[in-house]
Amino acid sequence: MASTSPVDQNTLWNGPSGQIWVAQQAILDGLFQPMADLLVAELPETVTQLLDIGCGTGASLLAAGAARPAAHCTGVDISAPMLAMARKRAETAGLDADFIVADAQQHPLPSGHFDWIQSRLGVMFFEDTGAAFANLHRAARPNSGLRFIAWRSAEENPFMTTAERAIGDELDLPPRRPGAPGQFAFADDERIHHLLQAAGWKDVEVTAVALPCSLARNELPTYVGQLGALGLALRDLPGERASALRDQALAAFTPFIEGDRVRVDAACWLIRARA
């Protein structure tokens, strides 16, 4: 299948985006803690072989491993720098885990091996999502569970698009195309149903959830100035210009600030399915 993405995901996540996620791991894990908690709440007591897709620096895998210490956890991600951090964190925590630097869409995962597959925001970047979910289905044992969290639409997540709405006209940001690989690729719940069912998954449920996420107010300048498409664009600008645009963007976040915290209800899908 030809690429539908305006960026090369491998280059992006092994380059600047992966490096920034490593550098800002603590901020991002704190912001998305409710998502890791939700995945843990879904974990069966009986899980023995868990696969975490797009595990990044390891937050959701570490949470699962801590909750189910008898399970062996495998993390797969396209980003070598992020997996290097995940591996170190797992070793420090004493978890039974291993990590694969690979694209889960096409990597030859062991057939019929995993009894639980999960992902926190890690499945929206495949070039061929149907092929990816078919590959994961081949790796799943019969009746094993699939759980993942994905963003709903950009319109339902104003926090995530505040900066680009504030200063996007002054930057050359890549266009958002419905269904293309990226943050909001799974905005359409009917598309999710179709993709999973076509790949062989059964009992597909797509549930809307609003998760109360937050970060410290003093972390907001780093979040806005370094992360996402905006952070990448600002890094290529002269220092004074980048600082001025970042400050302009920061002013647009005032509605989300409550005292010393920045609070946002993350509009997501919780997707459940069975092999």
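This is a predicted model: local features need pLDDT of at least 70, side-chain atom pairs count only at pLDDT 80 or more; totals for chains, interfaces and linings use all residues.
Local features were required to have a pLDDT of at least 70 and side-chain atom pairs were counted only at pLDDT 80 or more, whereas totals for chains, interfaces and linings use all residues. Residues are numbered from 1 along each chain as its sequence is written, and side-chain values rest on heavy atoms, with hydrogens and water left out.

With a salt bridge defined as a side-chain nitrogen of Lys or Arg within 4 Å of a carboxyl oxygen of Asp or Glu, the model contains 12 salt bridges. One of these joins the side chains of Glu-42 and Arg-147, with an N to O distance of 2.7 Å. Because Glu-42 belongs to helix α4 (residues 33-42) and Arg-147 to strand β5 (residues 140-151), this pair ties together parts that are 105 residues apart in sequence; helices (H or I, at least four residues) and strands (E, at least two) are DSSP runs, numbered from the N terminus. Glu-42 is buried at 17% relative accessibility, and Arg-147 is likewise buried, at 14%, where buried denotes under 20% relative accessible area, exposed over 50%, and partly exposed the range in between (1.4 Å probe, protein chains only).

A salt bridge is also formed between Asp-115 and Arg-141, whose closest N and O atoms are 3.6 Å apart. Asp-115 is situated in strand β4 (residues 114-120) and Arg-141 in strand β5, so that the pair connects parts separated by 26 residues in sequence. Asp-115 is buried, with a relative accessibility of 16%, whereas Arg-141 is partly exposed at 30%.

Between Glu-205 and Arg-272, the closest N and O atoms of the salt bridge lie 3.5 Å apart. This pair ties together parts that are 67 residues apart in sequence, because Glu-205 lies in strand β6 (residues 202-216) and Arg-272 in strand β8 (residues 261-274). Both residues are partly exposed, Glu-205 with a relative accessible area of 41% and Arg-272 with a relative accessibility of 22%. Through salt bridges that share partners, Glu-42, Arg-147, Glu-205 and Arg-272 are joined into one network.

Cysteine pairing was examined next. Under the criterion of a pair of cysteine sulfur atoms within 2.5 Å, the model contains zero disulfides. The sulfur of Cys-55, a buried residue with a relative accessible area of 5%, is 10 Å from the closest cysteine sulfur, that of Cys-73, which is too far for a bond. For Cys-268, which is buried at 0% relative accessibility, the closest cysteine sulfur belongs to Cys-213 and lies 6.8 Å away, again too far for a bond.
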